[in-house]
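Student: I'd like a close look at a single part of this protein, with its surroundings. Could you walk me through the helix?

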Amino acid sequence: MVWFYKRGQVSLSVETRYDNETNEYVAVVVRPDSHQQTERFRGREAFREWLMAMEQQLAHEQWEVDGPPHVVPDGWPHKPPLM
């Protein structure tokens, strides 16, 4: 899934997916300057905690959600993911 955020005239995106090759949860943040930050997590709980912290950070930086998330066709587990 991809979430878009806006602040004034600039935007950023947060993409979340599951890497079936490595059995990892992946988050990719693309900042307005095109800087890309990729984080990988072996477990669902660590991934969830990171997402919650990222949402809080974005709110603190006054980013606002820009519409509903977009579902991407790939990035879903082919088998039950690790806990």
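**A close look at the helix**

Tutor: Happy to! Just past the end of helix 1, Q62 takes a positive phi of about 65°. Keep in mind that this is a predicted model. Let's step back from that residue and place the helix in the chain.

The chain has one helix and five strands, and from the N terminus on its elements run β-β-β-β-α-β. Helix 1 covers residues 44-60, which makes 17 residues. From its first C-alpha to its last, helix 1 reaches 24 Å, close to the 24 Å expected at 1.5 Å a residue.

Now look at which side chains are hidden. In helix 1, F47, W50, M54 and L58 are buried. These four sit on the same side of helix 1, because they cover an arc of only 70° around the axis. Turn to the face that points away from this buried side, and you will find the exposed residues Q56, A59 and H60.

What do the buried residues of helix 1 pack against? Their partners are strand 1 (2-7), strand 2 (10-19), strand 3 (24-30) and strand 4 (36-41).

Two of those partners, strand 3 and strand 4, pair in the antiparallel sense over six bridges. One of the pairings to pick out is Y25 with its bridge partner F41 in strand 4. The hairpin of strand 3 and strand 4 has five residues between the strands, and there S34 takes a positive phi near 75°.

Leaving aside residues up to four places away in sequence, L12 touches W3, F4, Y5, V30, R31, P32, L58 and W63. L58 in that list is one of the buried residues of helix 1.

Finally, some values for the chain as a whole. Of its 83 residues, 31% count as buried. Among contacts between residues at least 6 apart in sequence, 44% join residues at least 24 apart. The accessible surface comes to about 5700 Å², and 53% of that belongs to carbon and sulfur atoms.

Conventions: Residues numbered from 1 in each chain as written. Predicted model: local features only at pLDDT ≥ 70, side-chain atom pairs only at ≥ 80, totals over all residues. Heavy atoms only, no water. Helix = DSSP H or I, 4+ residues; strand = E, 2+ residues; numbered from the N terminus. Expected span 1.5 Å × (residues − 1). Buried < 20%, exposed > 50% of the residue type's maximum accessible area, 1.4 Å probe, protein only. Arc of directions from axis to C-beta. Contact = heavy atoms within 4.5 Å. Areas by Shrake-Rupley, 256 points an atom, 1.4 Å probe, with all protein chains shown as cover. Pairing = 2+ DSSP bridges.
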